[in-house]
Amino acid sequence: MRDFHLPGRSPVLTANGLCATSHPLAAKTAVNILELGGNAMDAAIAGAVILGICEPQMTGIGGDCFVLFSPAGSQEIKAMNASGKAPSGLNADKLREKGYEKMPRCTADAVTVPGAIDAFCQLSDDWGKLGLDTLLAPSIHYATEGVPVAPRVGHDWKNNVNRLQGAAQHYFSICGNAPKVGDLFQALGQAEVLREIAKKGRDGFYCGAVAEDMVSSLRALGGTHTLEDFADQRAFYTDPISGTYKDTDLIEHPPNGSGATAILMLNILSQFDIASLDPFGTTRAHLEAEATKLAYDARNRIIADPRHTTALEEMLSIDSAKRLADMIDLKKARPHQSALSETYHRDTVYITVVDKDHMVVSLIYSIFESFGSGIATDRYGILFQNRGAGFNLIKGHANELKPQTRPMHTIIPAMLRKEEKVQMTFGVMGGQYQSVGHARVMTNMLDFGLSPQEAIDAPRCFSDDGLMKVERGYAQSVVQELSDMGHQVTQDIEAIGGAQAIYIHENGVLEGASDPRKDGCAIGY
């Protein structure tokens, strides 16, 4: 239990249904859907879409999503991959001929076809109860009437105005500035798009006037995208992957998501007595950093489009983890591996919902970097993701840019399962940090006995492309000791990521936790 003398959050405890996400309006919308008779899938879709209006720097209908879910009355966990493909007319040779050594980030060539809308349509049809018109109505309302800009959103908007030069008419105020905290943000064009989707399903987005707006806007900027690329986009069901730490299974999304990286990290950490360490001391931070370097090096070599990921079993193997653990020096930092793709962003939204029948949904939804590619369509203002930056241009590499392939993704929803029962649904936002965040939340709970809210609140550190990023919640003695071990430490950073979780107690009570690093909350009824 937290110290009530100090700032903090209590968990949210409910019996009938609960949503945890990064904006209160999305959480409230999800609970409203539950109270209307919808299930967790309905609520997650409705909440996710409205996050694109509440947090446009993080997500939107021009982005991708991954979903894990467990149907009511079942302990089976299913997965859906809603990541978009590179256009059929683009390949690595063309970009190398242009002089690129790495994928561009803010051009039409970085834009992969948005995948999330097809997933929302499929999931609503297959697993929802209320229908898309009902689920999209709240987002249509708020896109039309406007949403007040929240503090974290306003902070991000102000710091990323230069990324929006290709979308100024839709995402700047009439004075040409980023909206301030408390200003109303309207997305009238997106409201039109959502009305089309509510009437026509996926064809309202991937065909017709909306698709023509997307394709013409991209081609005007040199993109190779075609109407066929959009019409052919399909989300698909797949099988989750898992690993076990301290008798609890971590369920992750398979490639091209990076869930295997979190499993590998935990397998490495399981070779050490983490529970004997100070949870916020130097040794734990150092061990986590060294495991991060090794696990992310494996990720960069292995994770790619599902058709091109050929060494997944090696990555999930305990024997591989033991070999990597043997490489860790407990007193000295090892050099950081070079990144093979542009995966240093920190911008994602996550929503999780559990309903009264214990249908469980874990959904993560993103446009990659802050405001994605910075490119919005001319007519409707659909802001495109720049997920293509997750590819690399290395000849012969599994994750090399190829036509009609999916890049490596950092976004990963998760669940915990114990004794064949789903115990917790959670996600940790923060771009590349997410795999580390999953491992840290799990070890905070299982090694140190923290509650979900405490595990989320706790200070974080992250070894990221040569820098050891340490939040200010750590003692200065730890910062100095990490530096003495050879880590290049910095505290001149944004808060690291954000997280949301719902824990399911044995008696059926739901316990929600929401990260204070974001604007959101957990709400139940």
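1. In this predicted model, helix α12, which covers residues 259–269, and helix α15, which covers residues 318–325, have axes that come within 8 Å and cross at roughly 60°. The crossing of the two helices is right-handed.

2. Which residues of α12 and α15 meet? On the α12 side they are Leu264, Asn267 and Ile268, and on the α15 side Ile318, Ala321, Leu324 and Ala325.

3. A second pair consists of helix α2 (residues 40–54) and helix α4 (residues 116–127), which pack at an angle of about 160° with their axes 9 Å apart. Angles over 145 degrees count as roughly antiparallel, and α2 and α4 are therefore roughly antiparallel to each other. The crossing in which α2 passes α4 is left-handed.

4. In the contact between these helices, α2 contributes Met41, Ile45, Ala48 and Val49, while α4 contributes Phe120, Leu123, Ser124 and Trp127. The residues of the contact of α2 with α4 divide into seven nonpolar, one polar and no charged.

5. Most residues other than glycine have a negative phi, and most peptide bonds are trans. Against this background, the peptide bond that joins proline 255 and asparagine 256 is cis, with omega about 15°. Asparagine 256 is located in the loop between β9 (248–252) and α12.

6. The other point concerns lysine 246, whose phi is positive, at about 50°, although lysine 246 is not a glycine. This lysine is found in the loop between β8 (241–245) and β9.

7. How many cavities of 30 Å³ or more does the structure hold? There are five of them. The second largest cavity has a volume of about 40 Å³.

8. The lining of the second largest cavity is formed by Gly52, Pro56, Thr59, Gly60, Ile61, Gly62, Tyr171, Gln190, Ile367 and Leu383. These lining residues divide into five nonpolar, five polar and no charged.

Methods. Residues are numbered from 1 along each chain as its sequence is written. This is a predicted model: local features need pLDDT of at least 70, side-chain atom pairs count only at pLDDT 80 or more; totals for chains, interfaces and linings use all residues. Side-chain values use heavy atoms; hydrogens and water are left out. On a 1 Å grid over the protein atoms alone, a cavity is a set of points where a 1.4 Å probe fits but cannot get out, and a pocket is an open set with protein on both sides within 12 Å along at least five of seven lines; lining residues have an atom within 4 Å of a point. Grid points are joined across faces, edges and corners, and a volume is the space filled by probe spheres set on the points. Ala, Val, Leu, Ile, Met, Phe, Trp, Tyr, Cys and Pro count as nonpolar, Asp, Glu, Lys and Arg as charged, and the others, Gly among them, as polar. Axes are lines fitted to C-alpha atoms, for helices over the stretch in contact, and angles run from 0 to 180 degrees between N-to-C directions. Helices (H or I, at least four residues) and strands (E, at least two) are DSSP runs, numbered from the N terminus. Angles under 35 degrees count as roughly parallel, over 145 as roughly antiparallel, 65 to 115 as roughly perpendicular and the rest as oblique. A crossing is left-handed if the near helix is turned anticlockwise from the far one by less than a right angle, and right-handed if clockwise. Contact means heavy atoms within 4.5 Å.
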